[in-house]
Amino acid sequence: MKNVYLFEINDVIANQMKLPYSTGLIWAYCLEDKKVAENYKLDEWFYYRDDERNLDTMFEDIKDPSVVGFNCFVWNWEFNNKMAKKIKDEYPNSTIVFGGWQQPTADRSQGFFKAHPYVDILVHGEGEIAFKELLVENLNKEPDFKKIAGCSVKNKDKSTHVTSVRPRIQDLNAMPSPYLTGLFDSIAESTPYILESTIETTRGCPYQCTFCEIGTKYLQKIKWQSLEKVFKEIDWISENKVEFVYNADSNFGLFFDDHLEVT
């Protein structure tokens with residue numbers, strides 16, 4: 001079995017810990033693929049830092065990584081870069097993947113790998129299918145990640161190869177939920193912290209505000225999940241006594257009747 005490690009680092013604030021929703025979506029989808037399920041093990045999932053759980057103590061738990069995925073935002077960008085470099089120095093054959101909103105977009109990724117040589121791949125846009133395809137390709141003796149759409153890939157000379165644009169996920173309702181597949185069950189049972197969670201009833205935005213990372217043509221069409229699925233997630237959140245809920249919709253309230261029911 002090949003070892004996978006996922007990082008979605010958030011700080012523990014006021015004794016509250018955020019469930020790793022983004023990487024949860026990705027790993028839940030990856031596990032639906034037979035090749036991934038039979039050949040990979042999620043050896044450790046890093047999703048919070050506190051006084052005891054820091055970069056050095058996390059690194060001690062990493063052993064022989066095959067693929068390491070980082071969810072990148074402004075609050076964990078410096079941490080991710082330091083950890084990725086530390087992993088690459090110790091395990092040069094590992095594949096380091098960055099995704100999220102803090103990394104450069106595809107049209108701005110030239111020069112990134114020369115400045116960050118410890119990163120191998122940037123995933124642009126929605127990450128569920130792309131990361132699964134990266135894992136499957138990684139099983140080959142000589143993987144060619146340039147075949148994977150929606151990525152910037154490091155060349156041997158550290159220049160950047162940008163692949164084709166990845167199509168949007170058409171049916172969000174068919175994508176597995178980390179709440180409903182049980183991925184978060186053990187976290188909820190064992191954490192000493194108060195839980196925070198995230199729900200996403202829709203993905204995308206019809207507007208193109210220049211100040212907003214969602215304001216791109218790629219995300220202009222709105223995709224949505226059924227209220228039945230959303231309500232089941234809310235039931236899980238309630239049953240596990242989650243005290244704070246984030247809404248990840250770009251425009252919650254845009255679909256007034258449905259969003260009133262969710263509220």
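**Ser 177**

I started at Ser 177, whose side chain makes a polar contact of 2.6 Å with the side chain of Glu 233. I took a polar contact as a pair of N or O atoms within 3.5 Å; within protein, one must be able to donate a hydrogen and the other to accept it, and residues adjacent in sequence count only if both atoms are side-chain atoms. This is a predicted model, in which local features need pLDDT of at least 70 and side-chain atom pairs count only at pLDDT 80 or more, while totals for chains, interfaces and linings use all residues. Residues are numbered from 1 along each chain as its sequence is written, and side-chain values use heavy atoms, with hydrogens and water left out.

The side chain of Ser 177 also reaches the backbone nitrogen of Tyr 179, at 3.1 Å. I placed Ser 177 in the loop between strand E8 (160–162) and helix H7 (185–190). Helices (H or I, at least four residues) and strands (E, at least two) are DSSP runs, numbered from the N terminus.

Is Ser 177 buried or exposed? Ser 177 has a relative accessible area of 3%, so I logged it as buried. Buried means under 20% relative accessible area, exposed over 50%, and partly exposed in between (1.4 Å probe, protein chains only). Leaving aside neighbours within four places in sequence, Ser 177 is in contact (heavy atoms within 4.5 Å) with Ala 28, Lys 229 and Glu 233. I also checked Phe 244, which is 67 residues from Ser 177 in sequence and 18 Å away in space, C-alpha to C-alpha.

**Aromatic rings**

I found 19 aromatic pairs in the structure. Rings of Phe, Tyr and Trp (its six-membered ring) pair if their centres lie within 6.5 Å; planes under 30 degrees apart count as stacked, over 60 as edge-to-face and the rest as tilted. Tyr 5 and Phe 46 are stacked, because their ring centres are 6.3 Å apart and their planes are at 20°. Tyr 5 is in strand E1 (residues 2–11) and Phe 46 in strand E3 (residues 40–49), so the pair links distant parts of the chain, 41 residues apart. Tyr 5 is buried at 0% relative accessibility, and Phe 46 is buried at 1%.

Trp 77 and Phe 98 are edge-to-face, because their centres are 5.6 Å apart and their planes at 70°. This pair ties helix H4 (residues 77–90), which holds Trp 77, to strand E5 (residues 95–100), which holds Phe 98; the parts are 21 residues apart in sequence. Both residues are buried. One aromatic cluster takes in Tyr 5, Phe 7, Phe 46, Phe 70, Trp 77, Phe 79, Phe 98, Phe 112 and Phe 113.

**Helix H4**

I compared the end C-alpha atoms of H4, 20 Å apart, with the 20 Å its 14 residues should span at 1.5 Å a residue, and the two agree. The expected span is 1.5 Å times one less than the number of residues. Buried residues in H4 include Trp 77, Phe 79, Met 83 and Ile 87. The buried residues of H4 pack against E1, E3, helix H3 (55–59), strand E4 (65–72), E5 and helix H5 (112–115).

**Cysteines**

How many disulfides does the structure hold? I found zero, with a disulfide taken as a pair of cysteine sulfur atoms within 2.5 Å. For Cys 30 the nearest cysteine sulfur is that of Cys 151, 12 Å away. Cys 30 is buried at 0% relative accessibility.
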